[in-house]
Amino acid sequence: MKWLQKSLIIAVALLTFGVITPAHDIWSNFQEKSDSKHEEGPSNDSDYRIALAEPPTQVVESIEESFIDSAKTLAYEKFGTKIGPVISDEFDQVIFPKIDEAIRMTVNTENEHRRLSISERPGGNYSEKIFHVYDKDSQKDLIRFHVRTDKRPQDGYYFNFHYHVVEDGFNSHYTIGDIYWSKDTPPKWLS
């Protein structure tokens with residue numbers, strides 16, 4: 001029975017990327033219930049610290065990679081089937097590496113005890129929102145990634161990718177780059 005508990009603890013720690021660690025209160029309560037059913041000697045808490053032996057940088061890298069994957073998925077979800085195929089090459093080569101860099105900078109500069117998350121749904125129609133990275137506890141945005149459709153006289157339509165940060169109250173536009181669409185009006189987002 002002990003091996004089953006240990007296996008469960010290790011599996012949960014790995015699947016949650018370390019958010020629920022073997023030292024978490026859930027396991028203490030689980031162990032207390034188990035100990036009350038089976039009268040065994042005092043437990044050794046060091047048995048439950050197996051996953052903590054790994055350096056925490058792997059967890060941070062996993063979180064970063066998870067954010068990067070989600071960011072790309074949300075961007076293509078926003079582009080939809082009409083815009084996505086047309087701008088995908090330039091987006092992947094020019095725009096997304098800068099988004100990647102901004103996400104990594106945000107994740108690495110935030111307090112290590114903060115629980116960060118990425119919004120789940122991009123804005124449709126003419127909304128600028130691609131996704132936001134926010135603090136799960138306070139539900140406050142830290143960085144907002146947007147794309148705006150600009151019509152330039154004589155040139156046509158461009159998609160302006162930019163982001164806003166909490167440090168300046170989300171007032172300044174930090175330009176990531178522009179992608180040319182055409183002289184025709186682009187379709188609505190998510191279409």
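Guide: What follows goes from the core to the rings and then to the strands.

This is a predicted model: local features need pLDDT of at least 70, side-chain atom pairs count only at pLDDT 80 or more, and totals for chains, interfaces and linings use all residues. Residues are numbered from 1 along each chain as its sequence is written, and side-chain values use heavy atoms, with hydrogens and water left out.

Start with the core. A nonpolar core is a set of buried Ala, Val, Leu, Ile, Met, Phe, Trp, Tyr and Cys residues joined through side-chain atoms within 4.5 Å. Buried means under 20% relative accessible area, exposed over 50%, partly exposed in between (1.4 Å probe, protein chains only). The largest core here has 33 residues. F91, I99, I103, F131, F145 and F161 have the most contacts inside it. Helix 3 (57-109) is among the elements that give two or more residues, as are strands 2 (129-135), 3 (140-152), 4 (156-165) and 5 (174-182). Helices (H or I, at least four residues) and strands (E, at least two) are DSSP runs, numbered from the N terminus. Helix 3 gives the largest share, 15 residues.

Look at I103. Leaving out residues up to four places away in sequence, I103 touches F67, I68, A71, F131 and F145. Contact means heavy atoms within 4.5 Å.

Now the rings. Rings of Phe, Tyr and Trp (its six-membered ring) pair if their centres lie within 6.5 Å; planes under 30 degrees apart count as stacked, over 60 as edge-to-face and the rest as tilted. The whole structure holds 13 aromatic pairs. Y76 and F91 form an edge-to-face pair, 5.6 Å centre to centre with 85 degrees between the planes. F91 is buried at 0% relative accessibility, whereas Y76 is partly exposed at 25%.

Finish with the strands. Two strands pair if DSSP finds at least two bridges between them. Strand 2 and strand 3 run antiparallel, joined by six bridges. D135 has K140 in strand 3 as its bridge partner. Their hairpin has four residues between the strands, and Q139 takes a positive phi near 60 degrees. Strand 3 also pairs with strand 4, antiparallel, over ten bridges. There the core residue F145 has Y163 in strand 4 as its bridge partner. This hairpin has three residues between the strands, and Q154 in the turn has a positive phi of about 75 degrees.
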